[in-house]
Amino acid sequence: EPKPIAQAPQVKIDGIIGFDIIRQMDLEVDFSENSLRLRNPAASRSETDRNMFWVGLPVIRLTSEDGVPLHFGLDTGAQTSFVTETLLDKLQLQAARIESRRVGGLGGEISLRAPVLPDLRVLVRGFPILFRGAFVRAPVYQVLASLDGVLGGDVWNSGVVRIDMTNGIFAVRKPRPN
């Protein structure tokens, strides 16, 4: 059973590691261990493992449970993940209800009233992630194609997250048992 992505607890921020640095590293974040591992990326020859692409922002290829390819932007500064109307059309889903919420990120906080998605399970390189009541928003990034959603900071609570932009890898795995 996948762990639902949840709101991250409030923490004091001492600095920000931006994608100008992240793009050059093999980064692994483990919130359960309060650890961040930075490594030099080892060049991989395999193009078949790529599920992350840079198109002005990082885009992650996920799949629905029934194998439909989905494309999410990665916004590490956003507090919560959301899906777009494009995903509803692609997976032939309807919003479960309309809700008001305060959402924020590094740019501040806003109040939104928007449709909310029914629970949706997606796979990141085979690892299940559960979107529980994700907001449905209009596409917000101008890239080559409409994105199906945006992964925000709450994805860090899904497990150990790895970003290796050099080799095009975005992965989530279970934390190691203590």
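Biologist: In which helix is the place of Ile21?

Modeller: Ile21 sits in helix α1, residues 19-22. The name helix is given to a DSSP run of H or I with at least four residues, and strand to a run of E with at least two, both numbered from the N terminus. This is a predicted model, so local features need pLDDT of at least 70 and side-chain atom pairs pLDDT 80 or more, while totals for chains, interfaces and linings use all residues. Residues are numbered from 1 along each chain as its sequence is written, and side-chain values use heavy atoms, without hydrogens or water.

Biologist: Why is Ile21 called partly exposed?

Modeller: Its relative accessible area is 42%. Buried means under 20%, exposed means over 50%, and partly exposed is in between, with a 1.4 Å probe and protein chains only as cover. The value for Ile21 falls in between, so Ile21 is partly exposed.

Biologist: Which residues make the nonpolar surface patch?

Modeller: Ile17, Ile21, Leu36 and Leu38 make a nonpolar patch of about 340 Å². Patch residues have over 30% relative accessible area and no salt bridge; nonpolar side chains (Val, Leu, Ile, Met, Phe, Trp, Tyr) are joined within 5 Å, like charges within 9 Å. The areas come from the Shrake-Rupley method with a 1.4 Å probe. Ile21, at 42%, passes the area cut-off.

Biologist: What makes β3 and β4 a pair of strands?

Modeller: Strand β3, residues 52-54, is joined to β4 by 3 bridges. Pairing needs at least two DSSP bridges, so β3 and β4 qualify. The two strands run antiparallel, and in one of the bridges Met52 has Ile60 in β4 as its partner. Between β3 and β4 lie 3 residues, which gives a hairpin whose turn holds Gly56 with a positive phi of about 90°.

Biologist: How many bridges join β4 to strand β5?

Modeller: There are 5 bridges between β4 and β5, residues 69-74, and the strands run antiparallel. Ile60 has Phe72 as its bridge partner in β5. This hairpin has 4 residues between its strands, and Gly67 takes a positive phi near 90°. β4 also pairs with β9, residues 120-124, over 2 bridges in the antiparallel sense. There the partner of Ser64 is Val122.

Biologist: How many aromatic pairs does the structure hold?

Modeller: It holds 2.

Biologist: Why is the pair of Phe19 and Trp54 called tilted?

Modeller: Their ring centres are 5.8 Å apart and their planes lie at 45°. Rings of Phe, Tyr and Trp (its six-membered ring) pair if their centres lie within 6.5 Å; planes under 30 degrees apart are stacked, over 60 edge-to-face, and the rest tilted. Phe19 in helix α1 and Trp54 in strand β3 are 35 residues apart. Phe19 is buried at 15%, and Trp54 is partly exposed at 32%.

Biologist: What makes the pair of Phe72 and Phe131 stacked?

Modeller: The angle between the planes is 15°, with 5.6 Å centre to centre. That angle is under 30 degrees, so the pair counts as stacked. Phe72 in β5 and Phe131 in strand β10, residues 127-131, are 59 residues apart. Phe72, at 0%, is buried, and Phe131, at 1%, is buried too.

Biologist: How do you know that Arg23 lies over the face of Trp54?

Modeller: Arg23 is 4.0 Å from the ring centre. The rule asks for NZ of Lys or CZ of Arg within 6 Å of the centre and within 35 degrees of the ring normal. Arg137 likewise has its charged end over the ring of Phe82, at 4.6 Å from the centre.

Biologist: What makes the contact of Arg162 with Asp26 a salt bridge?

Modeller: Their closest N and O atoms are 2.9 Å apart. A salt bridge needs a side-chain nitrogen of Lys or Arg within 4 Å of a carboxyl oxygen of Asp or Glu, so this contact counts. Arg162 lies in strand β13 and Asp26 in strand β1, so the bridge ties together parts 136 residues apart in sequence. Asp26 also meets Arg39 in a salt bridge of 3.4 Å. At 5%, Asp26 is buried, whereas Arg39 is partly exposed at 33%. The whole structure has 10 salt bridges.
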